[in-house]
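Me: Could you walk me through the wording used for this structure? I would like to see how each term is reached.

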Amino acid sequence: MKPASFDYFAPTTLDETLELLHEYGDEAKILAGGQSLMPLMNLRLARPKIIVDINRLSGFDQIASTADGGLVIGALTRLRAVEKSALVREQNPLLAAAMPLIGHFQIRNRGTVGGSLAHADPAAELPALAVLLGCEFSLARTGGARVVTAADFFLGYMATAIEPGELLTEIRFPTWRPGAAWAMDEIARRKGDFALVGVALNAELDGTANLRDVAIVMFGVGGKPHRIESADSILKGRRVEPAVLRALGQAVAEEVEPDSDIHASAEYRKEVGGVLARRALESALARSKNGVKH
Amino acid sequence: MASKSTRNNMEAQNRPGNGYVGRPLKRREDFRFITGRATYVDDIKLPNMLHGAVLRSPRAHARIRSIDTTEALKLPGVIRVFTFRDLGVLAVPVPIRMYHLPGLEAHLQPLLAHEKVRYVGEPVALAVAKSRYLAEDALDAIEVEYEDLPAVIDVYEALKDQVLLREETRTNRAAAHEFSIGDVDRAFQEAEYTRSEEFRVHRFTGNPMETRGLVAAFDRGKGELTVWGVTKLPHLNRQTIANFLKMREHKLHFIENDVGGGFGIRGELYPEDFLIPFAAVNLGQPVKWIEDRREHLMAANHSRENRCQLELAARKDGTILGLRATIYGDMGAYVRTHGGLVPCSTAALLTGPYRIPNYRAKIHLVVTNKTGLGTFRAPGRYESCFYRERMLDLMAQDLDIDPVELRFKNLIRPEEMPYEVGVTRPGSGPTIFDSGDYPSALRRGLAEFEYDKLRLLQGRLVDGRYHGTGIACFVKNTGGLEPYEGARIVIGDRNDVAVYLSISVLGQGHETAMAQICADALGVPIEWITVFHGNTDITPFGWGTFASRGTVMCGNAVHLAAQKLKQKLLKAGAEQLDTDPSSLDLNDGKIFRLNTEAPPVELNEIVSQVRHSGNFNEGFPELAETAYFHSSQMTYSYGVHLAHVAVDAETGMMEVLKYLVVEDIGRAINPLMIHGQTVGSAVQGIGGTMLEELIYDDNGQLLTGTLMDYLLPTSRDVPDIGSVILEEKPSPLNPLGVKGAGEGGIVGTGAALANALSHALADYAVQVKTLPLTPERIRAWIRDGSASKKT
Amino acid sequence: MSRKQTIKLTVNGRAFERLVEVRMTLADFIRQELDLTGTHLGCEHGVCGACTVLFNGEAVRSCLILAVQADGASLHTVESLADGDELHPLQRAFQDHHALQCGFCTPGFLMTARAFLKDKPLPTREEVREAISGNLCRCTGYQPIIDAILQAAQDLRGLKEHAK
């Protein structure tokens, strides 16, 4: 399984990169970590004419705090760096918790945050987190730049708002609410595989038994991460009790419209999605009550 | 001699000074593997070597209208593109070598497709270029015009004969076989209890870490062909290829290198085994072909898939009276070297280690538009164990008998050995269990697994998961099958002992085990011994490594040859020391004069004299012996699998908490290696039962085309496996008493896990009848069970 | 704009300079251009880990990296483990624990373990099990590999203390 021929560029500056992307448009494919693109190329399922290898760019792999206590992560930051980052652990425990779920450590050594998000596999963890947290994506092009919010970034199955000629440069994570309740879980055939269905959530804890501002995002349930719109209305102002949790699970199962594939049917994903959402809430609550921050 | 070894206590068996056989010695061959200096076939580089790539059909069933190679040939570095036409008069189909049931010969696979393609993956053309990269470019440029036909992927659909794989046969039922033991109809008439079920085992296969590959080099000067990458049956394969190329057999040199696992898949004859030598002869340059994983999944033998309609007849007290089985083997589009083996093997040991005097089996071999079926570790035995052990648990529940007691009641007892089951294989003698104490193995398994404690958890909900423990008793034929193997041992005068094996090696550690056997029987330190294998030039004609027969057949040949050579050495020693051979012994590489205080004589002194003077040993300077071990009877290992699982009923996720295999293999040459085989095969079996499946869509497209979709078990998918080796009942059929190991660890995995799951989900009335055990299917069973509970 | 590029890199401590096709994978480069055939190809799509090498000290799947991406990098393959004929504790432990049968996956596991133990010198059994879950083996069932890595961790620690 050897890749088909292509022309290869390894620019060292952003301008060079953007010029190349501008010139070649949709004939060019960006090579970052390669953990998603190379398998496709080896299988000849992807046959880009032009490869723009951005691994030689510097300055796009920082993890930094923003003024308001959020995080900005360069698109070329390796997943492993995020996994090991004390700053991430401190400022976004949900992001830190998601990292070990992504593939295996050898993959995280090369895979990048930007690459994972741009690849936009609907069963992946990072896109779901981005949608849940309301991340902002900075896109650069020759002669300009723009910011796209997560809600607008993921368009469908492996499709994003990135236009030909654009490069994702960094991702901003909003301020993490201290004391926020959170949980992330997924069902996969094997640990490290893409999820059959998964959930990421965070919420404010009101007293000891009420959650408010609950945000729940399901992944593996269709072309892109799905925010459960009805979550808030089901949970708002209500004590979190078994009946309420069951109702939420039910609502999630009804709301999502996943696809079927050889690993799981749509019915399974709906059902189990509901179960995961319910359990995630329980777990978020428990974590919060125990004062466990991480 | 009852010696029991578990994985954790085998060090206690390492008793230096007591011979080598039976000791858990570290493997001597490891050095090259752990240093990256092994030579697998893709590591071979020859000057001017070219690279082949096979164009494979993307359609499941289609007529070939045209094949246009002109664009491909224009590409730089592309040397040739072969199609069926280029084979000319040499074109033969891939032969059937065993289980050749009448009718199967109509479904042989051509080396390259010509009129039709019948499965996704079928070879259509072979491109040869200066690199694999360029060869794959050539494949992209070959234009084939297909005219699609409907595809059939299910045996029952295929049996409707509406979509025919071969018009001239008018049916997709390629062959059928039937046999009967005892009086089955009477057994069912007299039965107080009967049950009838349909079971299904899915399609999956071995997936060794190394895919297939060959390097073929033709010496135009001498007219000799050398082929590397062969294994399993090198002599037989050589014979076939020699016939195909119309060359003399001794002009072909088939060499096995290091091999990355086989599990039954590698070493059979496939189209590439003909095509690559053909290309090398044709082009006069070495040709290398290395299969990639995507190809492997669609081209190397699939296995296991069959359905079984099973009926059981018994008395109310649990005594089994009879079995009736109808088995449908999903053969795929072509019948290759194994003929009807997989479905026939399913029927052959369906009765297992139990006393079932009345048994009738009907086997239907059906062709479908899928990759062909062949052997994969314990072929047919994994399937039949699942069918039978599930049926026993169902019966136990119906009759309200404890499933363990039910098994004890029906297990063949040691005093009944040897036990003749009857003729259960086409063209074969009767199946006779050579020796065994089946109840003892079961007792040992139950004790070791702490079954009495675990059964208290049957069907109980603990921490959100339902728990269940399942058992499966098994018997497995090993050794025998093909009639003999050979070994030749040559001793040099610097303490060099060379052992040449007629079998090949796929990673099992024969280089160590055979050395152990030789050292003991010959009387020399093991360090003197080097084991050679798998080169058709240096070894006598042999059959091969399969059916766990390596140690049984070749090990005994080594043993016999070593014994003979020892006698020869004692005679030579006697000649030189002017005494009688009976007053000498050979031990630890020294000749001892018995009953004297004379110091021992170093063996190399004796050997040196013979070699260099030519005066001794009747003028034969070479001290060597060849021996063949013959056996037409199989030996039978046996034992039990026990599994403890926990199931999350809301998600269908099942976790294997504990797993144990107990196997009596007669005699263990090297317990370290046998435990290794057991653990490895159990993990393969657990993965196969829960994760692996070759899935086709209705158009015959293989959906599990990469390892992203064909899921192999990782370290986190399986628990540590417990392994107990018993040596309670050595085989009386060979001097070493060995029964062969390597497959017992996989035989009972489907059965034990399915039984455990059924116990766990008793509340939902889940009774597993089909595999695999995936979360999707488990959830569906629970849903069905819940639904029926409400009505 | 070319389909061939010159790369300079260090492999197992030795410097190399080669002209390579841009589409050649690092795994193929190592095996074919440098004749270091200890690194194996099991799947070529990043699942099996047989091709694992150390890239600037980190364990990576060399089938998913282009050779040209290794320009300026320092690589280590299985051939770097032994010191002449003196085996590395990992290699010895693999032999001691029968952590290999056919040996095809073994170099990948050794390099994965090497990287892992550098990162985590005293792992628990579960941590080892997780660390090797990105490498496939069809022969051993993983158990003896885990045993071997734990053994090697002890041995390496012993060596370190001894060196002090």
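Me: Why is helix H8 (residues 125-133) of chain A called largely enclosed by the rest of the structure?

Reply: A residue is buried if 20 or more other C-beta atoms lie within 10 Å of its own, exposed if 12 or fewer, and partly exposed in between, with C-beta atoms placed from the backbone. Nine of the nine residues of this helix are buried, so the helix is largely enclosed. Among them are Glu125(A), Pro127(A) and Leu133(A). Just after H8(A) comes Gly134(A), with a positive phi of about 75 degrees. Please keep in mind that this is a predicted model, where local features need pLDDT of at least 70 and side-chain atom pairs count only at pLDDT 80 or more, while totals for chains, interfaces and linings use all residues. Residues are numbered from 1 along each chain as its sequence is written, and chains are lettered from A and ligands numbered from 1 in the order in which they are written.

Me: What makes a stretch a helix or a strand, and how many of each are there in chain B?

Reply: Both are DSSP runs numbered from the N terminus: H or I over at least four residues for helices, E over at least two for strands. Chain B has 21 helices and 30 strands.

Me: How do you know which residues of chain B are in contact with chain A?

Reply: Two residues are in contact if their C-beta atoms, placed from the backbone, lie within 7 Å. By that rule, 23 residues of chain B are in contact with 15 residues of chain A. On the chain B side, helix H4 (132-141) and helix H21 (775-790) each supply at least two residues, and H4(B) gives the most, with five.

Me: What is the radius of gyration of chain B, and why does it agree with a compact globule?

Reply: The radius is taken over C-alpha atoms, and the globule rule is 2.2 Å times the number of residues to the power 0.38. For 791 residues the rule gives a value near 28 Å, and chain B has 28 Å, so the two agree. The C-alpha trace of chain B spans about 95 × 70 × 50 Å along its principal axes, and 61% of the residues of chain B count as buried.

Me: What makes the two domains of chain B, and how many residues are in contact between them?

Reply: The bounds come from an automatic or database domain assignment, which gives domain 1 (1-7 + 434-476 + 636-791) and domain 2 (481-630). Their centres, taken over C-alpha atoms, are 41 Å apart. Across the boundary, 13 residues of domain 1 are in contact with 15 residues of domain 2.
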